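Please work through each task before reading its solution.

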Amino acid sequence: MSCKFKLLLENAEQMVVVCRKEEEFLLQEGMQQLAVLENASLVVGNDGYIKAVGPTELIRNQFSHESFETKIDCSGKCVLPGFIDAHTHPVWAGDRVNEFAMKLAGATYMEIHQAGGGINSTVEYTTAASEEELYCSFKHRLQRMLRAGTTLVECKSGYGLKLETELKMLRVIERAQTEMDIGISSTYCGAHSVPKGKNAVEAADDIITNHLPALKQLALNGEIHVDNIDVFCEKGVFDLDSTKRILQAGKAIGLHLNFHGDELSPMKSAELGAELGAHAVSHLEEISDEGIVALAKTKCSAVLLPTTAYILRLKQPRARDMLNAGVIVSLGSDFNPNAYCLSMPMVMHLACVNMRMSLNEALAAATINAAYALGRSHTHGSLEVGKQGDVVIINSSRWEHLIYQFGGHQELIEYVIIKGKIVHKNDSILGL
């Protein structure tokens, strides 16, 4: 006899549901008052979506005569939504270990970039790599993210610049969407750097005239599905006007705007994002006061990347100012060859220590708000009925240990579950 339900989680010491009222996102006050249930249970149906969540006694009575494919006793443990990484660059070949040493010796990001390193170096390795080589390394990185609790991740192209290599990267992302359990939001980032032999205007023309029509046709053919478009709006890369042209052309073919801005230089990128109706703008270390107001007014999410500021020794994004102004603050790892971090628990820890966010704010920024930044908060980011059954179970009686134990998630995360299916089980910590 087939089971009626896929999964029952019982007796959780704490169940961090995050939201209870189908909120699209949480602002500062809501982030500080996360919804947490004590002694709670959760049911996931065979379709992978949550059917019930609430006090254990109530769930037990309601489902006393039902059958479940899997039951997990969560006594003494905490249940949280799967983490959402709202900004990554995970498809590439080679590495940049030598550049990390250069940065430690005092070289700046743009000095390395202008000398032919940085993005341009990774473009050469990625162009030379086969599609299969790229997929194997990408799959391994996604598996590491998943073991650290990430169940939905934004994945960018951007180390091709030329159309042929950009499409190769997007095919790799498409394959992972089909073959792996982890959720993926695909982003075209052909405007990640200006290719050799072109200026920003010429590169923008190529993207608008050649890249985007090709993406549109491939989407119509059902070959590649891209969700977002990204541009590196930065001094010495794509100026504000070129960025605007590319984003407008991407929006015209149905892509969500989700781009790099105000990272190394004040570019008025936040203001541009607000003007164009962007879902999100990332980085924002150099955001202006006017930019903060604009993001808050238009409900454009600020995706903050504490790893980048940490590794590049930049000033920290103004998280507290943004939260106080009513901005929707989200988090991402910015995983890339320049910032090698695959762990959202570590990102949340850095957000708390370096950006002065609270534990509650950091968790909300890595769940419901990150889902909003990717246009997925109707299905992801909280443990509510009707949402996808993406869950992390930690071996602790208080959920805060996940952030408090810096680098300790390997010994805390016991299960990672996607659509009610156990995709990672850490047997090494069972029975501790």
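Buried means under 20% relative accessible area, exposed over 50%, and partly exposed in between (1.4 Å probe, protein chains only). The model is predicted: local features need pLDDT of at least 70, side-chain atom pairs count only at pLDDT 80 or more, and totals for chains, interfaces and linings use all residues. Residues are numbered from 1 along each chain as its sequence is written, and side-chain values use heavy atoms, with hydrogens and water left out.

**Exercise 1.** Describe the salt bridge between Glu179 and Arg175.

*Solution.* 
Step 1. A salt bridge requires a side-chain nitrogen of Lys or Arg within 4 Å of a carboxyl oxygen of Asp or Glu. For Glu179 and Arg175 the N to O distance is 3.1 Å.
Step 2. The two residues are four apart in helix H7 (residues 163–179), which means that about one helical turn separates them; helices are DSSP runs of H or I with at least four residues, strands runs of E with at least two, numbered from the N terminus.
Step 3. Arg175, at 31% relative accessibility, is partly exposed, and Glu179, at 48%, is partly exposed.

**Exercise 2.** Determine which parts of the chain the salt bridge of Asp181 and Lys421 links.

*Solution.* 
Step 1. The side chains of Asp181 and Lys421 meet at 3.2 Å, N to O.
Step 2. Asp181 lies in the loop between H7 and strand E8 (183–191), and Lys421 in strand E16 (residues 421–425).
Step 3. The pair, 240 residues apart, thus links distant parts of the chain.
Step 4. Asp181 has a relative accessible area of 38%, and Lys421 one of 41%.
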